[in-house]
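Have a glance at the structure first.

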Amino acid sequence: MERPRRKEAEFYCLAGGCFSCRRASRRVGAGRTAVNIHLKCAAIPFRSSVMPSSSFRAGAREGFRSFLPMSVGLIPWALVTGMAMISTGLTPVQAMGMNVIVFAGTAQLGTLPLIGIGAPLWLIAVTALALNLRFIIFSAAIAQGFRGIGAPLRWYSGHLLTDGVFACCFEKMLAVDDPHWRLGYYLAPSLWSWALWQVFALIGVFAAGSIPKHWSLEFMATIALLVLLVPLARLRPMLVAALSSGAAAILLRGMPLRLGLIVAIVVGIAAGFAAEHWHGKAKTA
């Protein structure tokens, strides 16, 4: 009697846009090296029965080691943000809620003065959006590093993206082909950055008022941010964006409600995109 044929296994894959498609797959190879490959898109599944966890762990270890020295700069920045939220009048629960949801020190510090004076909600939202517009450039630049990775993981990784993580991961993620290694290399420093930020912001929330003002943590936080951003200046579009936005911020510093800062950010992003476009055309010429 003919043995009943087993139903074709289905797996989630790493191909962009088909994380939840559950297309049928076939087994390729033998033994421990066998993997399941989608018949239609030929992508190696992320949740296959033999997930290459060793590759993921290797990427995670290297990413963590690369980011660890840089992550020290997050400590004063998170402390200052935690203290600033309490000084504005937020309760500890409100402060940590903002810290978890927003997870963007520049946007948090930029909107706190507006929250303190009771500015309209639309102005607070527009200010936060403008202060985070640089992540449009960051995400566009690093997008190729997420090739072969499904949409849910890309969305989650977008929430974890920070200046330091981008500076640390950008070059390696574009250079390595293995998607499992790239995902590990990105997630390890991202999750470490998130955890470090939450812990030291919480310390800042409860230490507000007890840390002496002569410690000048505000200045230390600015220096820490510069340490994170200076490596990005090696890229021509980033350098053009920084110089353009810096010049615009100085020229427009007299505008009310700090609107000059918002305009300067928009100018920097436009200049960065233009520089990237011209640089790409020069390469293809």
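Predicted model: local features only at pLDDT ≥ 70, side-chain atom pairs only at ≥ 80, totals over all residues.

Buried means under 20% relative accessible area, exposed over 50%, and partly exposed in between (1.4 Å probe, protein chains only). Residues are numbered from 1 along each chain as its sequence is written, and side-chain values use heavy atoms, with hydrogens and water left out.

Now for the rings. Rings of Phe, Tyr and Trp (its six-membered ring) pair if their centres lie within 6.5 Å; planes under 30 degrees apart count as stacked, over 60 as edge-to-face and the rest as tilted. That rule gives six aromatic pairs, including these:

| Pair | Type | Centre to centre | Between planes |
|---|---|---|---|
| Phe64 and Trp192 | edge-to-face | 5.4 Å | 75° |
| Phe146 and Tyr186 | edge-to-face | 4.9 Å | 75° |

Phe146 sits in the loop between helix 6 (134–142) and helix 7 (151–160) and Tyr186 in helix 9, so their pair ties together parts 40 residues apart in sequence. Helices here are DSSP runs (H or I, at least four residues), numbered from the N terminus. Phe64 is partly exposed, at 31% relative accessible area, and Trp192 is partly exposed at 31% too. Elsewhere, ring pairs join Phe135, Phe138, Phe166 and Phe170 into a cluster.

Terms used
Helix = DSSP H or I, 4+ residues; strand = E, 2+ residues; numbered from the N terminus.
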